[in-house]
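Work through the exercises below with the structure in view. Each task is followed by its solution.

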Amino acid sequence: MGVTPVTVIEEAGLDEALAGLSDQHRKFADVSGFCAHSGDIALLPGADGGLERVLFGAGRGGLARNPFLTGKLAQKLPEGHYRLEGALGELRLAALGFALGGYRFTRYHGDADMERPRLVLPDDFDIEALRQTAESVSLTRDLINTPANDFGPSELASAARQLAEETGADFTLTEGEELARNYPLIHAVGHGSDRAPCLIDMKWGDEADPKLTLVGKGVVFDTGGLDIKPPSSMLLMKKDMGGAANVLGLARMIMLAGLKVRLRVLIPAVENSISGRAFRPGDVFPSRKGLTVEIGNTDAEGRLVLADALALADEEKPELIVSMATLTGAARVAVGPDIAPFFTDDEAVVEGVQAASKAEHDPVWRLPLWKPYDAWLSSEIADVNHISSNSFAGATTAALFLARFVTESPSYLHFDIFGWAPKARALGPKGGEAQGIRALFAYCAERYGRG
């Protein structure tokens with residue numbers, strides 16, 4: 001097997017790097033216009049006309065500034081085997097960038113069998129850890145990218161069941177009358193669809209280990225309900241189960257790495273649709289927690305289904321509950337599409353998650369869980385309204401609503417993610433995205449250790 005070297009060159013080191021090449025390759029790089037700008041690629045031929053070497057520009061600051069720039073190599077190089085050399089920064093992240101950058105969603109077109117460039121890594125490199133992360137991110141992306149006509153609540157449940165079988169986790173599904181009786185908010189949101197709602201429940205690990213519970217919003221499509229969305233706002237609503245997809249990706253990493261936790265995964269899976277059975281603005285429903293909830297807007301359905309799932313999670317009093325959801329447009333306005341904002345009152349968790357985010361180059365940002373705004377959720381006829389009485393701080397008030405359903409557990413961490421890359425970049429193509437889960441996995445691995 002021939003392996004072609006890929007020399008990573010920063011702009012500041014261009015002259016030195018070119019001086020080490022043969023006259024022929026220097027001339028070819030010059031004719032190609034290679035300046036080591038970010039993402040520049042020059043393919044240098046050998047005497048036989050085949051590819052002998054690749055030059056790759058890392059720009060100013062190099063891979064230390066943008067370690068995932070190597071994803072462009074996976075997108076642009078021809079089929080073959082390659083190894084990285086030169087100004088690499090941290091090889092672990094450079095290799096991960098290559099792996100994630102080469103992702104493609106191929107369910108509906110013929111690229112599935114297409115050969116792609118492969119990276120050859122040193123013998124002492126932890127390839128298994130790289131594979132687990134890349135495959136888990138790909139799982140998350142695949143689930144989000146799948147359109148809702150092929151991905152209803154039952155298909156989401158099947159994906160979770162398949163993961164449980166892969167990892168040896170226990171799997172339970174609650175649906176029908178039992179769901180209506182015990183999880184009235186989940187049932188109310190999903191009852192308007194012909195595709196029945198359900199609650200996915202997975203458990204894994206030693207009962208004696210610290211309890212960690214992940215809760216993911218599994219709204220497979222959100223029309224807005226009777227408060228129907230305009231067409232432009234409905235186009236991306238297949239991604240409204242992005243919280244569930246991210247939770248499953250994170251759970252897969254935790255289980256395959258054998259972290260010392262007793263893991264539980266809860267996903268309320270529903271479709272927010274319109275029919276004569278759909279819930280209405282002004283309705284009042286009980287919740288599993290016992291609080292009555294007035295419906296302020298049927299397009300704020302995600303926090304309702306999460307509320308019942310969080311109440312169930314809280315009953316076990318786990319050491320940490322983490323929820324992930326594509327919950328509010330306000331979070332996008334605050335931090336844009338690339339950053340995963342989070343809320344918590346636990347300062348130790350904040351410190352750990354932020355440190356992991358920096359190490360993994362997985363951007364997160366803390367937003368304020370400002371308690372005085374909780375008064376904005378008041379209702380004249382129920383214990384709480386599920387939306388605010390004004391348009392301010394929408395992400396914070398949504399998080400405050402969810403926090404009402406976690407009263408027994410010592411620590412709660414909520415992520416309000418976008419779950420979507422609006423344009424192609426080095427890390428991967430436009431489409432479904434894993435956000436925050438690499439940072440969360442690194443934090444959990446540091447906190448709990450491996451078995």
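Contact here means heavy atoms within 4.5 Å. Helices (H or I, at least four residues) and strands (E, at least two) are DSSP runs, numbered from the N terminus. The model is predicted: local features need pLDDT of at least 70, side-chain atom pairs count only at pLDDT 80 or more, and totals for chains, interfaces and linings use all residues. Residues are numbered from 1 along each chain as its sequence is written, and side-chain values use heavy atoms, leaving out hydrogens and water.

**Exercise 1.** Find which residues of α5 meet α6.

Solution. Start with α5, residues 91-101, and α6, residues 127-145. From α5, take Ala95, Leu96, Ala99 and Leu100. They meet Leu130, Thr133, Ala134, Val137 and Arg141 of α6. Now sort this contact by class: seven residues are nonpolar, one is polar and one is charged. (Ala, Val, Leu, Ile, Met, Phe, Trp, Tyr, Cys and Pro count as nonpolar, Asp, Glu, Lys and Arg as charged, and the others, Gly among them, as polar.)

**Exercise 2.** Locate Lys317 and His361, and give the phi of each.

Solution. Recall that most residues other than glycine have a negative phi. Lys317, in the loop between α12 (302-315) and β13 (320-325), has a positive phi of about 55 degrees. His361, in the loop between α14 (347-360) and β15 (364-366), has a positive phi of about 50 degrees.

Conventions:
Axes are lines fitted to C-alpha atoms, for helices over the stretch in contact, and angles run from 0 to 180 degrees between N-to-C directions.
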